[in-house]
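Subject: Structure handover

Hello,

Here is the structure we discussed. Please look it over, then read my notes below.

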Amino acid sequence: MSGHIVFAACLLPVVLSAAPINVHVSWNGRDDAASTMVIAWQTLNNTTSKVEYGLSTNDSDTVTAAPSYSTPCQRYNHAVKLTNLTANTQYHYRCGNETDGWSAASTFTTGLPIGSTDDILFVAAGDTRIDTPKIGRVTNVKNRIAARNPRLLFFSGDIPREGGYQSADDYADSNWDMWFEAYSNFVDHIPFFSSTGNHDLYGGTSMFTDQFHWPTNAQGNDRWYSVNFGNAHFIALEITGSTSDAPVGSDQYNWLQTDLAQASSDTNILWIFVSFHAPPYCASYHSRNVNVLSSICPLFDQYGVDLVFNGHNHIYERTKKMRNRVSQDEIMEAGPSYNSSVEGVVYIVTGRAGANSHSTNPSAWTAFTDNPLHYLVLDIDNTTGVLYGRAYDIDDTLFDTFTITKNDGPDVFPPRAPVGIRILPGP
Ligand SMILES: [Fe+2]
């Protein structure tokens, strides 16, 4: 009988063309990571979206939905949201349907409830910038990340080198499908979230955002969004280049201020992490972004953001704790041991999960910098209130460590006084 199935499949490749590709999991709500999961995939043809899932492969529920057509991707996007799930629990699933084929059997694990004080381990990385020559090392870095078994991957953009192409049919040397192929056995079970990089926008905003399914903001899109996981709050922004900004009063600024005010006043939230692509503290191949020093950076100080992750420059750079609420570029703590009661933010460029290296350029704000292929593990011990940051190269050699300790000191500070804007030139 199985011989007949193989034979039929060989004769009918059009049937296989509707099989799921680019399967991945994420959350598309700010507050429902513990009880939901979005299973997303693409097909070439219009076909039913169906997910079979359960606590075991023999215990299966089914959710069926309709796909939506993405004009920029020229694909049917399928996103099925599973609800009423049990927190912090592994489920088995597959997606597709009987007619067109199923994805490989996989699993996912729901998030911690908001306010949980269980420990959290996640990975920050950026700039895979995948193209044909980089497939091997992008895959190798991904394999090292996967070996850490993070609860989620928090990415700082520049996913493919050429974000304007979906498939090899469009451009064989770099495309979105190439990245999904390299990451397919990771993002099928570990939630992936990214801020927007300049290369991601080569096909326009909708081509980037149509690839993924993240929370919708007040403007009705997922170009900037936030997710709660346990007692941690994750914010992704769209600051893509050295002159980009979210000026005071802009939609993104207003959304960010509201989001940070809510998260910082929520007693269930202890840790706040932000990701955006173009760094205010790193001058390498790309100049530092000084525009954000007087727009969103003071908000980070005011509302007690713990870490900001950036990319764009293909290096690793951890700063001293920097404050911009009172005046710009104030050094508050040298590190590598930071205390959250000291105002300011540690900025980390983690921008080489596959991309070619850029040169390092230590500056007054720099605590540590190097440029290997790498990823950054953030390991939160909520019993002691200590976050351990550990940066590893592709051989899993530890090359930077730091800590952030929470104590009873203040973590929220007054808004910035209305002093005149003072922009320091980049070096
Ligand atoms: Fe970039």
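The chain splits into domain 1 (2-109) and domain 2 (120-405). Those bounds come from an automatic or database domain assignment. Two points on conventions before the rest. This is a predicted model: local features need pLDDT of at least 70, side-chain atom pairs count only at pLDDT 80 or more, and totals for chains, interfaces and linings use all residues. Residues are numbered from 1 along each chain as its sequence is written.

Domains

The centres of domain 1 and domain 2, taken over C-alpha atoms, lie 28 Å apart. Each domain puts 23 residues into the contact. Contact here means C-beta atoms, placed from the backbone, within 7 Å. On the domain 1 side, β1 (21-26), β2 (37-43), β6 (75-82) and β9 (106-109) each supply at least two residues. β1 gives the largest share, five residues. That side of domain 1 divides into 10 nonpolar, 10 polar and three charged residues. Nonpolar means Ala, Val, Leu, Ile, Met, Phe, Trp, Tyr, Cys or Pro; charged means Asp, Glu, Lys or Arg; the others, Gly among them, are polar. Helices (H or I, at least four residues) and strands (E, at least two) are DSSP runs, numbered from the N terminus.

Core

The largest nonpolar core has 103 residues. Such a core is a set of buried Ala, Val, Leu, Ile, Met, Phe, Trp, Tyr and Cys residues joined through C-beta atoms within 7 Å. Buried means 20 or more other C-beta atoms within 10 Å of the residue's own; 12 or fewer is exposed, and in between is partly exposed. Phe154 and Phe273 touch the most other members. Helix α4 (residues 176-187) gives the most to this core, seven residues. Both domain 1 and domain 2 contribute at least three residues each. Leaving aside neighbours within four places in sequence, Phe273 contacts Phe154, Ala232, Phe234, Ile235, Asp306, Leu307 and Phe309.

Sheet

Seven strands make an open, mixed sheet in the order β13-β14-β15-β16-β21-β17-β22. β13 (225-229) and β22 (366-370) are the edges; each has a single partner strand, so one side of each is left without a neighbour in the sheet. Neighbouring strands are turned by 15 degrees against each other on average, direction ignored. The axes behind that angle are lines fitted to C-alpha atoms. Pairing requires at least two DSSP bridges between two strands.

β14 (residues 232-236) and β15 (residues 271-275) run parallel, joined by five bridges. Phe234 stands opposite Phe273 of β15.

β17 (residues 316-319) pairs antiparallel with β21 (residues 346-350) over three bridges. Glu317 faces Val349 in β21. β17 also pairs antiparallel with β22, over four bridges. There Tyr316 has Asp370 as its bridge partner. Tyr316 and Arg318 point one way from β17, Glu317 and Thr319 the other, and all are buried.

Asn313

Asn313 sits between β16 (307-310) and β17. Is Asn313 buried or exposed? Asn313 counts as buried because it has 30 C-beta neighbours inside 10 Å. Not counting residues up to four places away in sequence, Asn313 touches Pro279, Cys282, Ser284, Tyr285, His286, Val349, Gly351 and His358. Asn313 and Ala367 are 54 residues apart in sequence and 16 Å apart in space, C-alpha to C-alpha.

Best wishes

Methods
Two residues are in contact if their C-beta atoms, placed from the backbone, lie within 7 Å. Axes are lines fitted to C-alpha atoms, for helices over the stretch in contact, and angles run from 0 to 180 degrees between N-to-C directions.
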